[in-house]
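I opened the notebook to go through one structure, topic by topic. The entries below keep the order in which I looked things up.

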Amino acid sequence: MDEKFRRKVADKLPDSHKGLVPLREMPDSTQFPVVYGIISDVPGPLDIPFFSKVSFRNARRKLRSMRYPVIFQKIEEITPLV
């Protein structure tokens with residue numbers, strides 16, 4: 001939300017990416033989904049511990065209050081980079 005911070009970020013980016021950071025206006029948060037990806041090799045629906053659910057719920061509420069779309073996604077398979 002801080003214009004000074006956005007300018008500092010833009011200064012560190014290569015020229016090809018500088019246009020991705022809006023300098024004066026606030027970015028449209030609805031265009032930036034936040035994905036919580038949980039890796040699990042257990043078949044079936046993802047089941048996380050109770051306090052993890054509470055923590056996720058609180059983070060989701062805060063992000064949604066700032067209009068960010070929030071996605072909870074189970075990641076079943078990871079392909080190693082070679």
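For accessibility I call a residue buried under 20% relative accessible area, exposed over 50% and partly exposed in between, using a 1.4 Å probe and protein chains only. By that scale Phe50 and Phe51 are both exposed.

Ground rules. The model is predicted, so I take local features only at pLDDT of at least 70 and side-chain atom pairs only at pLDDT 80 or more, while totals for chains, interfaces and linings use all residues. Residues are numbered from 1 along each chain as its sequence is written, and side-chain values use heavy atoms, with hydrogens and water left out.

Entry: aromatic rings. I paired rings of Phe, Tyr and Trp (its six-membered ring) if their centres lie within 6.5 Å; planes under 30 degrees apart count as stacked, over 60 as edge-to-face and the rest as tilted. How many aromatic pairs does the whole structure hold? The search returned 3. One of them joins Tyr36 and Phe56, edge-to-face, at 4.9 Å centre to centre with 85° between the planes. Tyr36 sits in strand S1 (residues 34-39) and Phe56 in helix H2 (residues 50-65), so this pair ties together parts 20 residues apart in sequence. I took helices (H or I, at least four residues) and strands (E, at least two) as DSSP runs, numbered from the N terminus. Tyr36 is partly exposed at 29% relative accessibility, whereas Phe56 is buried at 13%. Phe50 and Phe51 also form an edge-to-face pair, at 5.1 Å centre to centre and 75° between the planes. I also noted one aromatic cluster made up of Tyr36, Phe56 and Phe72.

Entry: Phe50. This residue belongs to helix H2 and has a relative accessible area of 58%. I find its C-alpha atom 40 Å from that of Leu23, which is 27 residues away along the chain.

Entry: Ser40. Is Ser40 buried or exposed? Ser40 is buried, with a relative accessible area of 13%, and I located it in the loop between S1 and H2. A polar atom of its side chain lies 3.2 Å from the backbone nitrogen of Val42. With neighbours within four places in sequence set aside, Ser40 is in contact (heavy atoms within 4.5 Å) with Leu46, Lys74, Ile75 and Glu76.

Entry: Arg67. I checked the backbone here and found a positive phi of about 75°, although Arg67 is not a glycine. Arg67 is in the loop between H2 and strand S2 (70-75), and is exposed at 52% relative accessible area.

Entry: Lys4. Lys4 is part of helix H1 (residues 3-12) and is exposed at 65% relative accessibility.

Entry: largest pocket. On a 1 Å grid over the protein atoms alone, a pocket is an open set of points where a 1.4 Å probe fits, with protein on both sides within 12 Å along at least five of seven lines; lining residues have an atom within 4 Å of a point. I read about 360 Å³ of space for the largest pocket. Which residues lie nearest its centre? They are Met1, Arg6, Met26, Pro27 and Tyr68, out of 16 lining residues. The lining divides into 11 nonpolar, 1 polar and 4 charged; Ala, Val, Leu, Ile, Met, Phe, Trp, Tyr, Cys and Pro count as nonpolar, Asp, Glu, Lys and Arg as charged, and the others, Gly among them, as polar.

How values were computed: Grid points are joined across faces, edges and corners, and a volume is the space filled by probe spheres set on the points. A polar contact is a pair of N or O atoms within 3.5 Å; within protein, one must be able to donate a hydrogen and the other to accept it, and residues adjacent in sequence count only if both atoms are side-chain atoms.
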